[in-house]
Amino acid sequence: MKILEIKNLCKVYGDGETKVDALKNITFDVEQGEFVAIVGPSGSGKSTLMHILGGVDRPTSGEVIISGVDVGKLNETKLAIFRRRQIGLIYQFYNLIPILNVEENMTLPILLDGKKPDKALLRDLVGKLGLTERLKHLPNQLSGGQQQRVSIGRALMNHPALLLADEPTGNLDTENSKEIVSLLRKFNRENKQTVIIITHDDRIALSADRVITIEDGLITRDSKDKYDQYRLALDTEVSAS
Ligand SMILES: Nc1ncnc2c1ncn2[C@@H]1O[C@H](COP(=O)(O)OP(=O)(O)OP(=O)(O)O)[C@@H](O)[C@H]1O
Ligand SMILES: [Mg+2]
């Protein structure tokens, strides 16, 4: 089942001298349960794409269809609700609310939606994320890795159709990065959670089922072939040395 369909997506920022064609005609589909890495140089349009997929920003033209819903046809209010229910977003800098504890941060999106948090799901997620002893802690009383685990928990509390992560390990050391990626993998495998992760880390890209490369606003490679991915990693190493 297709969970995401993107057709001829374009994004233009500004106009005149400051005009930037950030996305130039991007088309691809993602099946339910895929674990997709998006890679590419700085400024190539990865975060722009993620913001549009996450309903945080609108494209200049083209279509985004998530679970069969044409997101571009939703008005602002409906888009906000759709985003809250269908999309889990994870950022490099966690974006937790500093005055709310772990449990409150995780359940906030559900409460904002006027619903009661699923206590069993909360307990289950908190256990899997290793946060059981930290439920009443504030974000500034947690390590970076723990804060990122809270943001994963928050993103998963509403069973999102899509889990989108923009360099979720960009601010973490190697050990914590590995842990975050293996947690995302675990949720992907066990719950068929569809995951799209933007990363600069070759090891993460190599662990994905599929790697999409974006360069200068265009998809230049889209591969499920492991050997292709190794070749890509080698290419970048060679060009960096
Ligand atoms: N709000 C904005 N207004 C104008 N230009 C923007 C805006 N956001 C991004 N851009 C431009 O769009 C292009 C794509 O930016 P984007 O943030 O998507 O890149 P990225 O691939 O995520 O890069 P990085 O790996 O550094 O995070 C860049 O040239 C950037 O300068
Ligand atoms: Mg970015």
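**Ground rules**

I count residues from 1 along each chain as its sequence is written, with chains lettered from A and ligands numbered from 1 in the order in which they are written. The model is predicted, with local features needing pLDDT of at least 70 and side-chain atom pairs pLDDT 80 or more, while totals for chains, interfaces and linings use all residues, and side-chain values use heavy atoms, leaving out hydrogens and water.

**Entry 1: ligand 1**

I looked up who sits around ligand 1 and found 13 residues, of which Ser42, Gly43, Lys46, Ser47 and Thr48 come nearest. Being near here takes a heavy atom within 4 Å.

Next I checked polar contacts (pairs of N or O atoms within 3.5 Å). An oxygen atom of ligand 1 lies 2.5 Å from a side-chain N or O atom of Ser42. For the side chain of Thr48, the distance from a ligand 1 oxygen to an N or O atom is 2.6 Å, and for that of Ser47 I read 2.9 Å.

How much of ligand 1 does the protein bury? Taken alone, ligand 1 exposes 640 Å², and the protein buries 59% of that; the areas come from the Shrake-Rupley method with a 1.4 Å probe.

I then asked which elements give two or more residues to the shell, and noted strand E2 (20-31) and helix H1 (46-53). H1 gives the most, with three residues. Both are DSSP runs (helices H or I, at least four residues; strands E, at least two).

By type, the shell holds four nonpolar, seven polar and two charged residues. Asp, Glu, Lys and Arg count as charged, and Gly is among the polar ones.

**Entry 2: helix pairs**

My angles run from 0 to 180 degrees between N-to-C directions, with axes fitted to C-alpha atoms. I call angles under 35 degrees roughly parallel, over 145 roughly antiparallel, 65 to 115 roughly perpendicular and the rest oblique.

- H3 (residues 102-112) and H4 (residues 119-128) have axes that come within 12 Å and cross at roughly 125°, so the two are oblique to each other.
- For H3 and H5 (residues 144-156), I noted axes within 7 Å, crossing at roughly 30°; the pair is therefore roughly parallel.
- The axes of H5 and H6 (residues 174-191) come within 10 Å and cross at roughly 15°, which makes H5 roughly parallel to H6.

Technical notes: Polar contact = N/O pair within 3.5 Å; in protein donor to acceptor, adjacent residues only side chain to side chain.
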